[in-house]
Amino acid sequence: MEKPRIDTVQVSCEVRNRLYRKAVLAGSDLPLDEIASYRSDEDALIWVDLLAPSVGDIVALSPLIGGAVALHPLAVEGAITGHQRPRLVRFRDHSMLHTRAVRFDAKGGQLSSTDISIFILDRALITIRSDDRFAIDPILEDWDDNPDLAGFGVGFLLHTVLDEIVDGYFVALDALDEEIQGSRTSC
């Protein structure tokens, strides 16, 4: 089923997306209107990533990416404001996960984090990152390396995102441990 390529929604943030149909990758970085046209398709699985969106971006995109599901106003507000404590909140038609990805910069000796909000819908996953220090490309590579898992739906997408976040904690802890061990031996 070929959909027309139209893109009337304008946003200021960077948007990435993927469309899976019948558990097969059908497109990447498609126009937003095209992605939205698949929200009611029972065979579609959608991922949309927003990088540091403004309030206007979220307002413009909510009807498209939420489809028939009205994203809860408190969840949208939490995604925009960031700095939420890590938690999972369930609403009637969707869930919202707030978390943080971390990294340790050995040169500057600084631990920093990226706020990530994730809307979990029946056939769509929407990730909102506060900055680009949490890279999306490793997640896309993992999805490409495991195409057979797309049949597991949103769980497949969510698992990969969470796995990358958790792996980042271990990388940061290992780097911090090396930093501490290095400073002890130089004393």
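Visitor: Why does Ser 117 count as buried?

Guide: Buried means under 20% relative accessible area, exposed means over 50%, and partly exposed is in between (1.4 Å probe, protein chains only). Ser 117 has 4% relative accessibility, so it counts as buried.

Visitor: Before we go on, what kind of model is this?

Guide: It's a predicted model, where local features need pLDDT of at least 70 and side-chain atom pairs count only at pLDDT 80 or more, while totals for chains, interfaces and linings use all residues. Residues are numbered from 1 along each chain as its sequence is written, and side-chain values use heavy atoms, with hydrogens and water left out.

Visitor: Where does Ser 117 lie, then?

Guide: In strand E6, residues 110-120. Helices (H or I, at least four residues) and strands (E, at least two) are DSSP runs, numbered from the N terminus. The protein chain has five helices and seven strands, running β-β-α-β-α-α-β-β-β-β-α-α from the N terminus on.

Visitor: And what is Ser 117 in contact with?

Guide: Contact means heavy atoms within 4.5 Å. If you skip neighbours within four places in sequence, the contacts of Ser 117 include Gly 78, Ala 79, Met 96 and Ile 128. His 98 is also in contact with Ser 117.

Visitor: What makes the link between Ser 117 and His 98 a polar contact?

Guide: A polar contact is a pair of N or O atoms within 3.5 Å; within protein, one must be able to donate a hydrogen and the other to accept it, and residues adjacent in sequence count only if both atoms are side-chain atoms. The side chains of Ser 117 and His 98 join at 3.0 Å, as a polar contact.

Visitor: Gly 78 and Ala 79 came up there. Which residues of H3 are buried?

Guide: Ala 75, Val 76, Gly 78 and Ala 79. They cover an arc of only 160° around the axis, which puts them on the same side of H3. That arc is the one made by the directions from the helix axis to the C-beta atoms. On the other side of H3, Pro 73 and Leu 74 are exposed.

Visitor: Why do the buried residues of H4 line one face of the helix?

Guide: In H4, residues 137-145, the buried ones are Ile 139, Leu 140 and Trp 143. Down the axis of H4 they fall within an arc of 100°, so they line one face. An α-helix has 3.6 residues a turn, so residues three or four places apart point the same way. The cover over the buried residues of H4 includes strand E1 (14-21), E3 and helix H5 (154-185).

Visitor: What makes the link between Asp 144 and Arg 18 a salt bridge?

Guide: A salt bridge needs a side-chain nitrogen of Lys or Arg within 4 Å of a carboxyl oxygen of Asp or Glu. Asp 144 and Arg 18 meet at 2.8 Å, N to O, as a salt bridge. The pair links distant parts of the chain, with Asp 144 in helix H4 and Arg 18 in strand E1, 126 residues apart.

Visitor: Which class does Asp 144 fall into, buried, partly exposed or exposed?

Guide: Asp 144 has 42% relative accessibility, so it counts as partly exposed. Arg 18, with a relative accessible area of 5%, is buried.

Visitor: Why is there a salt bridge between Arg 92 and Asp 93?

Guide: The closest N and O atoms of Arg 92 and Asp 93 are 3.9 Å apart, and the pair forms a salt bridge. Arg 92 has 78% relative accessibility, so it counts as exposed. Asp 93 has 36%, so it counts as partly exposed. By this rule the count comes to ten salt bridges.

Visitor: Why is Pro 53 called buried?

Guide: Pro 53 is found in the loop between E3 and H2. Its relative accessible area is 15%, so Pro 53 is buried. Leaving out residues up to four places away in sequence, Pro 53 touches Cys 13, Ile 58, Ile 128 and Arg 129.

Visitor: What does the largest nonpolar core hold?

Guide: A nonpolar core is a set of buried Ala, Val, Leu, Ile, Met, Phe, Trp, Tyr and Cys residues joined through side-chain atoms within 4.5 Å. The largest one has 22 residues, and Ile 128 is among those that touch the most other members. E3 gives the most to this core, with four residues. A second, separate core of 21 residues includes Ile 139 and Leu 140.
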